[in-house]
Amino acid sequence: RVALEAALAGPAAGLVWLLLAGLSGGPVGGERLADVGPGPWAVGLAVSVAVAAGAVLSAALHQHRARP
């Protein structure tokens with residue numbers, strides 16, 4: 001159960017960061033500066049993977065240490 005909740009933390013965090021990255025981008029000027037900011041999908045995916053991996057690893061380590 002703990003590992004499942006830890007794995008679900010990744011997509012939840014990724015969705016929040018995807019929305020924040022989408023809000024942070026936008027045009028600064030014309031032509032070359034028309035598209036400035038991070039790619040929302042790339043940020044969301046990277047955060048999802050990083051948070052899920054860290055949370056699952058942390059949950060597994062905690063579970064291993066809690067065993068008698």
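Predicted model: local features only at pLDDT ≥ 70, side-chain atom pairs only at ≥ 80, totals over all residues.
Me: Which residues make the nonpolar surface patch?
Reply: The patch is made by Val16, Trp17, Leu20 and Leu23, and its area is about 440 Å².

Me: Where is Leu20 found, then?
Reply: Leu20 is found in helix H1, which covers residues 2-24.

Me: Why does Leu20 count as partly exposed?
Reply: Its relative accessible area is 45%. Partly exposed residues fall between the 20% limit for buried and the 50% limit for exposed, so Leu20 is placed in the middle class.

Me: On to the fold. How many helices and strands does the protein have?
Reply: The protein has two helices and zero strands.

Me: What is the reach of H1 from its first C-alpha to its last?
Reply: H1 has 23 residues and reaches 33 Å. At 1.5 Å a residue, the expected value is 33 Å, and the model is close to it.

Me: And what about H2, how far apart are its end C-alpha atoms?
Reply: Helix H2 runs over residues 40-66, and its end C-alpha atoms are 38 Å apart. Its 27 residues should span 39 Å at 1.5 Å a residue, so the two values agree.

Me: Which residues of H1 are buried?
Reply: The buried residues of H1 are Ala6, Gly10, Ala13, Gly14, Leu18 and Ala21. H2 is included in what covers them.

Me: Which ones are buried in H2?
Reply: In H2, the buried residues are Gly44, Val47, Ser48, Ala52 and Ala59. They pack against H1.

Me: Why would residues three or four places apart in an α-helix point the same way?
Reply: An α-helix has 3.6 residues a turn, so residues with that spacing point the same way.

Me: Let me pick Ser48. Why does it count as buried?
Reply: Ser48 has a relative accessibility of 17%.

Me: Which residues is Ser48 in contact with, leaving aside neighbours within four places in sequence?
Reply: Ser48, which is found in helix H2, is in contact with Gly10, Pro11 and Gly14. Gly10 and Gly14 are among the buried residues of H1.

Me: What about Val51, is it buried or partly exposed?
Reply: Val51 lies in helix H2. It counts as partly exposed, because its relative accessibility is 30%.

Me: Which contacts does Val51 make beyond its neighbours within four places in sequence?
Reply: Val51 is in contact with Ala9, Gly10 and Ala13. The C-alpha atoms of Val51 and Leu15 are separated by 12 Å, and these two residues are 36 residues apart along the chain.

Me: How far apart in space are Gly54 and Pro27?
Reply: They are 34 Å apart, C-alpha to C-alpha, and 27 residues apart in sequence. Gly54 lies in helix H2 and is partly exposed, with a relative accessible area of 39%.

Me: New topic: what follows H1?
Reply: H1 is followed by Gly26, whose phi is positive, near 155°.

Me: Where is Val28, and which residues does it contact?
Reply: Val28 is in the loop between H1 and H2. Leaving aside its neighbours within four places in sequence, Val28 is in contact with Leu33 and Val36. At 60% relative accessibility, Val28 counts as exposed.

Me: How far is Val28 from Ser58 in space?
Reply: Their C-alpha atoms are 41 Å apart, and the two residues are 30 residues apart in sequence.

Me: What does the C-alpha trace span along its principal axes?
Reply: The trace spans about 65 × 15 × 10 Å. The radius of gyration of the protein is 17 Å, whereas a compact globule of 68 residues would have one near 11 Å.

Me: What share of the residues is buried?
Reply: Buried residues make up 16% of the 68 residues in the protein.

Me: Last one: what share of contacts between residues at least 6 apart in sequence join residues at least 24 apart?
Reply: The share is 61%.

Conventions: Residues numbered from 1 in each chain as written. Heavy atoms only, no water. Patch = residues over 30% accessible without salt bridge, like charges linked within 9 Å, V, L, I, M, F, W, Y side chains within 5 Å. Areas by Shrake-Rupley, 256 points an atom, 1.4 Å probe, with all protein chains shown as cover. Salt bridge = Lys/Arg side-chain N within 4 Å of Asp/Glu carboxyl O. Helix = DSSP H or I, 4+ residues; strand = E, 2+ residues; numbered from the N terminus. Buried < 20%, exposed > 50% of the residue type's maximum accessible area, 1.4 Å probe, protein only. Expected span 1.5 Å × (residues − 1). Contact = heavy atoms within 4.5 Å. Rg over C-alpha atoms; globule rule 2.2 N^0.38 Å.
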